[in-house]
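Here's a quick tour of how this chain packs together. Have a look at the model first, then read on.

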Amino acid sequence: MLALLPDGSYLTRIGGLPLWVIEAEIHSRTADSGDFGGTYRLLTKLNDHRTDPADHLVRLSHERWEIEITYLALRHTLLKGRVLRSKDPVGLNQKMWGLLALYQALRSVMVTAVETMPGCDPDRAAFTVALEAARDTVVSRVGATAASGPSSRSDLVGHIGARVPHALLPGRRMRLSARIVKCGTSRYNICNRDGRPRGSTPISAIEITVHPPALPSAQDPSRALSGRWGQVCQLLAANSNQAMHTRDIARYLGLPTSGRPLSSLTAQRCYWARNGRLIRTAPNTYKITLPDALTPPLGT
């Protein structure tokens with residue numbers, strides 16, 4: 001463990017890759033007053049708890065199945081079931097990048113159009129409607145205006161954005177699909193560890209509680225985040241990556257700010273810096289190895 005963040009989640013490193021670990025208790029309440037759930041762990045490369053709160057990421061993970069809609073749009077809506085015609089890797093890469101660029105452009109216009117309607121979920125925008133509107137601007141020149149001057153241009157995005165709000169899909173229902181074995185003669189038992197309902201059930205609410213990891217006690221020195229290192233990394237993480245002098249750390253920990261205790265703490269911080277846990281920013285001044293750059297938002 002590299003650091004314990006203020007919201008209870010923590011940073012770690014697996015195989016040299018820094019990861020953000022979020023442990024949360026998730027309970028789903030169904031329309032028939034049912035309650036089921038359990039403790040889950042989310043690992044992500046997003047690692048700035050200030051721009052991406054832990055509970056928001058956990059709630060977003062509940063909708064991760066929507067990636068299947070992207071695959072459907074690429075394979076069936078855009079390609080209409082046709083296979084890629086290129087017979088070499090370069091051509092296949094070019095075709096895939098073209099499809100992804102077109103998909104991202106349409107989704108961006110759809111989100112912009114829905115944002116003009118306060119409170120409307122972007123999921124209600126119909127991808128097929130946006131695609132047909134885009135084709136009209138190319139094939140039939142719908143939305144294109146005759147050039148009347150050097151500054152005139154075609155308002156293609158405006159035409160697509162105007163079509164999308166007039167053909168919104170119904171609001172998506174929060175519902176649960178049961179995890180069952182489809183084959184009735186299968187010899188495998190149904191796995192139902194979180195006590196979820198056997199049938200598809202509407203969900204009325206989802207409660208998410210982020211739990212901090214169990215910190216080792218003084219009688220358990222074998223754990224990685226124990227003793228003074230645990231106190232130091234929690235302190236630095238709580239101060240938003242600000243570099244701190246060893247004397248300030250000692251003062252926060254209730255240690256003497258001179259003499260042998262301060263020298264011992266200085267030696268420990270040097271050891272942690274050599275192992276990549278801390279970054280030395282000035283003489284006897286360090287900060288924890290949390291990223292300073294903000295993670296760009298996702299386009300999902």
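## Nonpolar cores

This is a predicted model, and its largest nonpolar core has 31 residues. Inside that core, the residues with the most contacts are Trp20, Ile22, Leu236, Ile249 and Leu278. At least two residues each come from β3 (17-30), α1 (54-61), β6 (201-210), α6 (227-238), α7 (246-253), α8 (260-274) and β9. Of these, α6 gives the most, with 6 residues.

There's also a second, separate core, made of 20 residues. Leu79, Val109, Ala130 and Val164 are among them.

## The aromatic pair

If you like ring geometry, a search of the whole structure turns up 1 aromatic pair. Tyr103 and Phe127 are the partners, and their arrangement is tilted: 5.3 Å centre to centre, with 35° between the planes.

Tyr103 sits in helix α3 (residues 89-114) and Phe127 in helix α4 (residues 127-139), so the pair ties together parts that are 24 residues apart in sequence.

## Thr285 in β9

Strand β9 covers residues 285-288, and Thr285 is part of it. Thr285 is buried, with a relative accessible area of 14%.

Which residues does Thr285 touch, leaving aside its neighbours within four places in sequence? Its contacts are Ala243, Met244, His245, Ile279 and Arg280.

Note on methods
Residues numbered from 1 in each chain as written. Predicted model: local features only at pLDDT ≥ 70, side-chain atom pairs only at ≥ 80, totals over all residues. Heavy atoms only, no water. Helix = DSSP H or I, 4+ residues; strand = E, 2+ residues; numbered from the N terminus. Buried < 20%, exposed > 50% of the residue type's maximum accessible area, 1.4 Å probe, protein only. Contact = heavy atoms within 4.5 Å. Core = buried A, V, L, I, M, F, W, Y, C linked by side-chain atoms within 4.5 Å. Phe/Tyr/Trp six-rings, centres within 6.5 Å; stacked < 30°, edge-to-face > 60°.
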